[in-house]
Amino acid sequence: MDKDAPDEVKEILRHYYLRDSGPGGMTEQDDMENWNYAHTASRGVIARRYPYNYEMGLHFDKIDVGYPGVTTNEKIIEANARAFYTKWAHMMDS
């Protein structure tokens with residue numbers, strides 16, 4: 001993390017990294033093989049029948065005046081995916 005980040009941001013990131021990385025977290029360094037399998041499965045016949053759902057944490061994200069971007073109260077949300085695909089859709093519609 002950025003050493004110049006405010007202490008509050010460092011503490012939030014510390015909790016995030018403890019929850020999502022390492023032995024008890026969702027992802028680890030050797031998970032790339034698993035993600036490659038997930039990518040391949042996503043292109044399969046059954047997966048193509050259903051749209052992806054990016055609603056996790058919907059309406060929990062907020063613009064924080066003190067920090068750039070979108071923040072949350074330490075909930076796991078898919079705000080980044082929603083922002084990416086919203087921007088992508090806007091560019092495709094232009």
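Select Arg82 and the residues around it: leaving aside neighbours within four places in sequence, Arg82 is in contact (heavy atoms within 4.5 Å) with Tyr54, Glu55, Met56, Gly57, Leu58, Asp61 and Ile77. Arg82 sits in helix H3, residues 79–93; helices here are DSSP runs of H or I with at least four residues, strands are runs of E with at least two, and both are numbered from the N terminus. Arg82 counts as buried because its relative accessibility is 17%, where buried means under 20% relative accessible area, exposed over 50% and partly exposed in between, with a 1.4 Å probe and protein chains only.

This is a predicted model, in which local features need pLDDT of at least 70 and side-chain atom pairs count only at pLDDT 80 or more, while totals for chains, interfaces and linings use all residues. Residues are numbered from 1 along each chain as its sequence is written, and side-chain values use heavy atoms, with hydrogens and water left out.

Next, show Phe84 and Tyr85. Rings of Phe, Tyr and Trp (its six-membered ring) pair if their centres lie within 6.5 Å; planes under 30 degrees apart count as stacked, over 60 as edge-to-face and the rest as tilted. By this rule there is one aromatic pair. The ring centres of Phe84 and Tyr85 are 4.9 Å apart and the planes stand at 85°, so the pair is edge-to-face. Phe84 is exposed, at 52% relative accessible area, whereas Tyr85 is partly exposed, at 39%.

Now select Trp35, Ala38, His39, Ser42 and Tyr52, which line the second largest pocket. A pocket is an open set of points on a 1 Å grid over the protein atoms alone, where a 1.4 Å probe fits, with protein on both sides within 12 Å along at least five of seven lines; lining residues have an atom within 4 Å of a point. This pocket has a volume of about 160 Å³, the volume being the space filled by probe spheres set on the points, which are joined across faces, edges and corners. Its lining has three nonpolar residues, two polar and no charged.

Stay on Tyr52, in the loop between helix H2 (32–42) and strand E1 (62–63). Tyr52 counts as exposed, at 55% relative accessibility. From Tyr52 to Ser42 is ten residues in sequence and 9.5 Å in space, C-alpha to C-alpha.

Finally, zoom out. The protein has three helices and two strands, in the order α-α-β-β-α from the N terminus. Of its 94 residues, 7% count as buried.

How values were computed. Ala, Val, Leu, Ile, Met, Phe, Trp, Tyr, Cys and Pro count as nonpolar, Asp, Glu, Lys and Arg as charged, and the others, Gly among them, as polar.
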